[in-house]
Amino acid sequence: MDDHNYKLNTFLYNKIKDISNIKILEFGVREGASTKLFVDLAEKNNGDVVSVDIDDYSNLIKSSRWKFIHSRDDNFKEIQKQISTNLDVILLDSFHEALHVSKIIYNYYDYLKKGGYFFIDDISWIPYLKNGYRDNFWCEVNNRETFFKIIDIYSCNSHNFDLDFTFISSGFAVLKKKTNQKLNEIEKKSDRSVSIKNLLRLLKKKI
Ligand SMILES: C[S@@+](CC[C@H](N)C(=O)[O-])C[C@H]1O[C@@H](n2cnc3c(N)ncnc32)[C@H](O)[C@@H]1O
């Protein structure tokens, strides 16, 4: 099993495998590792899966439990017409850039039912560091920014959802919805790592 499938199985599948009548929405299909996992589960648990991609993957799987939407994930008007309002699972694995990820979270969060999971792929920069096993500048900086963007959303919404991470492979964040309230917008909290007090603390440590 490759590390992407291992991550899907250990971190994602175990959380959702017993949900009956499961309703899933995913952004990003390509090889279809997550899509196949979801459709197999929907066939077992009497559920349904909607997948969205800018490339046409409509022939990837034949199943009455699967619907493919050929579109950008931020084509909100069109997609929102075609999805249910009580989703158990949303997976975002399309365009891994922090502002885009934030836009997708804010636009689809209300479609998730209380107790539902919002998974976000690619939040770890560690494999992409210089000389790392996937050395890649763009993935390194985008994934780090995405990680901290999710922390910023959580800082203003810790009463609305629980947050967890894995750093297996390129990582995953998962938001577990706790209330039916709307998400609060990000409000930057003051960061004391750049305060005079902390500067003095660091200087003292060096002396
Ligand atoms: C990493 S792959 C998805 C992998 C898949 N989830 C899996 O587990 O095998 C990313 C996919 O997102 C699609 N994509 C990229 N940007 C997108 C966007 N803005 N809207 C919809 N799909 C997008 C790409 O065409 C590509 O198929």
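These legends go through a handful of close-ups of the structure above.

What you are looking at is a predicted model, in which local features need pLDDT of at least 70 and side-chain atom pairs count only at pLDDT 80 or more, while totals for chains, interfaces and linings use all residues. Residue numbers start from 1 along each chain as its sequence is written.

**View 1. The sheet, strand by strand.** Seven strands make up an open sheet with mixed pairing, in the order β3-β2-β1-β4-β5-β7-β6. Helices (H or I, at least four residues) and strands (E, at least two) are DSSP runs, numbered from the N terminus, and two strands pair if DSSP finds at least two bridges between them. The edges belong to β3 (66-70) and β6 (161-166); each has a single partner strand, so one side of each is left without a neighbour in the sheet. On average, neighbouring strands are turned by 15° against each other, direction ignored. For angles here and below, axes are lines fitted to C-alpha atoms (for helices, over the stretch in contact), and values run from 0 to 180 degrees between N-to-C directions.

View 2. Look for L163, whose bridge partner in β7 is L175.

**View 3. Helix α4 on the sheet.** Spanning residues 98-108, α4 packs on the sheet and touches β1 (23-27), β4 (87-92) and β5 (112-121). The direction of α4 makes about 165° with that of β4. Contact means that the C-beta atoms of two residues, placed from the backbone, lie within 7 Å.

**View 4. α4 against α5.** These two helices pack at about 35°, with axes 8 Å apart, and α4 passes α5 in a right-handed crossing. A crossing is right-handed if the near helix is turned clockwise from the far one by less than a right angle, and left-handed if anticlockwise. From α4 come A98, V101, S102 and I105; from α5, N142, E145, T146, K149 and I153. That makes four nonpolar, three polar and two charged residues. In this count Ala, Val, Leu, Ile, Met, Phe, Trp, Tyr, Cys and Pro are nonpolar, Asp, Glu, Lys and Arg charged, and the others, Gly among them, polar.

**View 5. α1 against α2.** Helix α1 (residues 3-16) meets α2 at about 30°, and the axes are 11 Å apart. This is a right-handed crossing too. H4, N5, L8, Y13 and I16 of α1 touch A33, S34, L37 and L41 of α2, a set with six nonpolar, three polar and no charged residues.

**View 6. Around the ligand.** A shell of 17 residues surrounds the ligand, the closest being G28, R30, A33, S34 and S94; a residue belongs if its C-beta atom, placed from the backbone, lies within 6 Å of the molecule. The elements giving two or more residues are α2 (33-45) and β2 (48-53). By type, the shell holds six nonpolar, four polar and seven charged residues.

**View 7. Two asparagines with positive phi.** N46, in the loop between α2 and β2, has a phi of about 60° although it is not a glycine. N131, in the loop between β5 and α5, has one of about 70°. N46 is exposed, with 10 other C-beta atoms within 10 Å, and N131 counts as exposed with 5. The cut-offs are 20 or more such atoms within 10 Å for buried, 12 or fewer for exposed, and partly exposed in between, with C-beta atoms placed from the backbone.
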